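Subject: Structure handover

Hello,

Please find the structure below. My notes on it follow.

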Amino acid sequence: MNPMRITVCLTDLRPESWIEGLRAALPEADVEVWSPGAAPADHAVVWAPPQRFLDEQPHLRGLFNIGAGVDALLRLKLPPQTRVVRLDDAGMSVQMAEYVCHALIRHFREFDGYEAEAREGRWSYRKPRERQDFPVGIMGLGVLGERVARAVAQFEFPVNGWSRSPKAIDGVRSFAGEGGLDAFLAASRVLVCLLPLTPDTRGILRRETLGRLHGGRPGGYLINVARGAHLVDDDLIALLDSGQLAGAMLDVFEVEPLPAGHPFWRHPKITVTPHASARTLRDESIAQIAGKIRAMERGEPVAGVVDAQRGY
Ligand code: NDP
Ligand code: OXD
């Protein structure tokens with residue numbers, strides 16, 4: 001019997017360590033880097049593959065993305081029987097919790113202000129703020145959002161969560177669906193976006209929604225760690241410049257890398273990070289993907305299979 005064939009197509013990434021790790025984790029398989037014209041494989045491990053790659057892979061059983069977000073993958077024409085599988089945490093949720101708690105606490109405790117004053121040699125206190133006045137709203141309570149919500153709740157902030165279906169998470173007030181969005185926004189002052197990018201969520205961070213934070217009062221804060229296309233950039237800038245929003249920490253952008261002249265780089269109320277909030281960890285990811293390939297081959301269910309209709 002021919003060995004199972006696994007092809008690896010990682011655009012803009014060096015594939016060598018992935019190939020080595022996958023060969024070690026799946027010694028029974030034939031693991032190769034894809035090149036145009038290569039023989040079709042049984043499974044693929046991918047990041048941003050070109051359409052040509054998929055056109056040449058009509059028999060794929062599993063298409064394993066080395067990220068959690070599959071919006072770019074779902075824009076391609078996929079072989080009909082192929083199951084698309086996203087990374088399921090694989091070490092990302094703890095990083096996301098660190099990032100969001102850092103952004104939240106840095107804003108709430110005014111650490112940027114202290115840092116600026118310390119640079120001027122000034123020893124000055126600020127009036128302590130009430131955490132009850134800084135309810136945090138997390139959009140998306142999936143693998144990453146739930147972990148973030150639990151981490152934020154540990155710091156005793158009021159936490160609201162918004163998802164398609166209602167959730168029961170200790171310390172988190174659940175809002176669901178279109179009908180729950182207005183009440184969720186009104187009850188939240190710091191907004192964290194951890195939604196997948198789908199036709200329903202594209203542009204969801206815009207003037208009308210961001211303007212409703214904190215019951216429409218000024219002082220909201222945005223943390224976007226999901227996808228740049230969730231945000232309408234000009235609306236954010238207008239809300240910051242008018243004083244309606246107090247600031248934003250942004251990790252993701254419609255065009256990445258963020259173009260040199262983009263106003264986000266120099267805006268005094270915006271902190272930019274380079275899509276670094278939760279990095280793919282190679283060893284954890286290889287172990288997870290190898291386990292799922294074996295489970296699929298045994299005909300067992302695997303976690304993280306994407307529903308293409310839903311978009312995540
Ligand atoms: P999941 O698929 O596990 O969770 C998605 C959540 O969003 C679910 O709670 C889902 O609701 C909710 N949701 C989806 N559509 C809607 C909608 N229309 N209205 C309300 N809620 C909705 O995803 P992950 O938590 O693993 O990842 C989330 C996103 O984070 C990824 O898609 C990716 O874009 C981004 N990401 C960013 C990274 C970075 O480095 N910046 C790293 C990794 C991921 P329900 O539970 O009811 O289905
Ligand atoms: C992901 C990402 O989706 O890195 O995993 O954004």
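Which residues does Ile 223 touch, not counting residues up to four places away in sequence? Ile 223 touches Tyr 99, Val 100, Ala 103, Leu 104, Val 190, Leu 191, Val 192, Cys 193 and Met 249, where contact means heavy atoms within 4.5 Å.

This is a predicted model, in which local features need pLDDT of at least 70 and side-chain atom pairs count only at pLDDT 80 or more, while totals for chains, interfaces and linings use all residues. Residues are numbered from 1 along each chain as its sequence is written, chains are lettered from A and ligands numbered from 1 in the order in which they are written, and side-chain values use heavy atoms, with hydrogens and water left out.

The core

Val 152 and Ile 223 have the most contacts inside the largest nonpolar core, which has 53 residues. Such a core is a set of buried Ala, Val, Leu, Ile, Met, Phe, Trp, Tyr and Cys residues joined through side-chain atoms within 4.5 Å; buried means under 20% relative accessible area (1.4 Å probe, protein chains only). Helix 4 gives the largest share of this core, nine residues; helices are DSSP runs of H or I, at least four residues, numbered from the N terminus.

The ligand

A polar side-chain atom of Lys 167 lies 2.6 Å from an oxygen atom of ligand 1. For Asp 251, an N or O atom in the side chain is 3.1 Å from a nitrogen atom of the ligand. A backbone N or O atom of Arg 164 lies 3.0 Å from a nitrogen atom of ligand 1.

Regards

Definitions and conventions: Buried means under 20% relative accessible area, exposed over 50%, partly exposed in between (1.4 Å probe, protein chains only). Helices (H or I, at least four residues) and strands (E, at least two) are DSSP runs, numbered from the N terminus. A polar contact is a pair of N or O atoms within 3.5 Å; within protein, one must be able to donate a hydrogen and the other to accept it, and residues adjacent in sequence count only if both atoms are side-chain atoms.
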